[in-house]
Amino acid sequence: MDKISILWADDEIDLLKPHLLYLQDKGFNVKTVTNGNDAVDEFGKATFDLVFLDENMPGLSGLETLGKIKNLNRNVPIIMITKSEEEAIMDNAIGSQISDYLIKPVNPGQILLSIKKNIDKNRLISEKTTSNYQQDFRNISMSLSDNLSIKEWEDVYKKLVFWELELEKSGDPGMKEILSMQKSEANTLFSKFIEKNYVNWFRQGAKDVPTMSHTLIKTKVLPNIENESRPVFLVVIDNLRWDQWKLLQPVIEEDFKVDKEEMYFAILPTCTQYARNALFAGLMPSEIEKMYPGKWQNDEDEGGKNLYESEFLEGLLRRSGKNIKYSYNKITNFEAGKRLADNIHSLAANNKLNAIVYNFVDTLSHARTEMEVIRELASDDAAYRSLTLSWFQHSPLRDIIKNIHAVGGKLFITTDHGTIKVGEPSKVIGDKNTTTNLRYKQGKSLTYQNKDVFMLKNPADAFLPRTHVSSIFLFIKENKFFAYPNNFNHYVSYYRNTFQHGGISLEEMIIPFVNLSPK
């Protein structure tokens, strides 16, 4: 590795000889000058990795020198050194984008630490992150060997996402691959956990049942309304995973503080038609079909599958004894989002509860399947997260949330289900009425690979409508996807590495519910 080259400008440079010798002993090349003009000249002639700049020099001041150096190269870290503790000088220096600020007298240790923070930070963070994950890898592996509870599965998934985001910053491909394998193992065991426990959660008197789609509003939102003086906003971002929420969180926390961050379980199938209708109705799909004749659309029915969410929410409020005014808005395009952002003040003034469904992330996952340019922009999970964050920062939803803050509203952010990048095909054969979703199938006389699916022979056990007397449901596990034998290779090539939902995985089922208050 080449030696790090440092430019140090100080009119009292002779007094700093012990510091210079210390840095030379540490292997740094240090070029010294005694005034700002010489600093600018040297910076223009040679390449430096870092600059130490005295704030109070005769002639060209430190701040003036800083500006000229920044005009030559804005990316080189500049560390300002000064005798003054005046706040205005600090503000000026920080506003001019210095990388660090030291107050004289400085000792060699301070100088070395500042260099490491600005030059070697990425390597040090990468090494520390890798070391910490290696330690936690063993803890997670030991946890996975246990018979995990619902809460323990949530904790395991949180840890996996945490390390996924941390290792993404560190840039260590070897550790990322190890994490990917551990996440795959976790999904295999989670699929077995769901297969073993899912139907039991719907039996009368069942214990240790997670909060699920049909119980979320009743147990997590409505109890907060009773004693809440502020207008309440429930924002449902369709198809938002836990890792995507963690990327959006710092932006949202500019205006809101997180009172409580929780997870809940999406019902099967983990898709909008089932999970979101259940969320707003406070009922499972077969209960919706029974209570609202003609308003539940089965898979093979024509027409929209989420047309009555406002009516379902009204029914839930009525059954829960909540005689409150509410609004419901579904946003599917940019212009509708802008109109809603402009209308937040009116919603807050006229309604106790305001439900907002924002559809962009689900649209993004489908667009990635169908559009080559989106495939390239969201080539993997990290890129998919990044694209979601970039969209949010420039979207009407960001304006909506800022305007909720402006009116002092209480905010809940959640979703209806997540999504997973699929990789392995699993052959299935069915008739023309079999559902087309890649992660679940409903139909009769289905032929499938047993090891890849959770088969629900009696859909009523999980409160799912039955299209035909002999219909069954198949939910595919882990990162697999259903593929028909006809034209198999073309089908697999088209859908492999796309983001899909409807089946069983940590990413699809364990999803965020966040309780926030305005700052």
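## Two helices that cross: α18 and α19

In this predicted model, helices α18 and α19 are oblique to each other. Helix α18 spans residues 381–393, and helix α19 spans residues 396–406. Their axes come within 6 Å and cross at roughly 60 degrees.

Which residues of α18 and α19 meet? From α18 come W391, F392 and Q393. From α19 come L397, R398 and I401. By class, this contact has four nonpolar residues, one polar and one charged.

Helix α14 covers residues 334–342. It packs with α19 at an angle of about 10 degrees, and the two axes are 8 Å apart. Angles under 35 degrees count as roughly parallel, so α14 and α19 are roughly parallel to each other.

On the α14 side, the contact is made by F334, G337, K338, L340, A341 and D342. On the α19 side, P396, D399, I400 and N403 take part. Sorted by class, the residues of this contact are five nonpolar, two polar and three charged.

## Helix α2 and its buried side

Helix α2 runs over residues 36–45. Its buried residues are G36, A39, V40, E42 and F43. Why do they lie on the same side of α2? They cover an arc of only 165 degrees around the axis, and this puts them on the same side. The face turned away from the buried side carries the exposed residues G44 and K45.

What do the buried residues of α2 pack against? Their partners are β1 (5–9), β2 (29–33), β3 (50–54) and α3 (62–72).

## D238, a residue in a loop

D238 lies in the loop between β6 (232–237) and α10 (242–252). Is D238 buried or exposed? Its relative accessible area is 1%. Buried means under 20%, so D238 is buried.

The side chain of D238 makes a polar contact of 3.4 Å with that of T272. Another polar contact, of 3.3 Å, joins the side chains of D238 and R276. How far from D238 is H417? In sequence, the two are 179 residues apart. In space, they are 7.1 Å apart, C-alpha to C-alpha.

Terms used: Residues numbered from 1 in each chain as written. Predicted model: local features only at pLDDT ≥ 70, side-chain atom pairs only at ≥ 80, totals over all residues. Heavy atoms only, no water. Buried < 20%, exposed > 50% of the residue type's maximum accessible area, 1.4 Å probe, protein only. Helix = DSSP H or I, 4+ residues; strand = E, 2+ residues; numbered from the N terminus. Arc of directions from axis to C-beta. Contact = heavy atoms within 4.5 Å. Axes fitted to C-alpha atoms, helices over the stretch in contact; angles between N-to-C directions. Parallel < 35°, antiparallel > 145°, perpendicular 65-115°, else oblique. Nonpolar A, V, L, I, M, F, W, Y, C, P; charged D, E, K, R; others polar. Polar contact = N/O pair within 3.5 Å; in protein donor to acceptor, adjacent residues only side chain to side chain.
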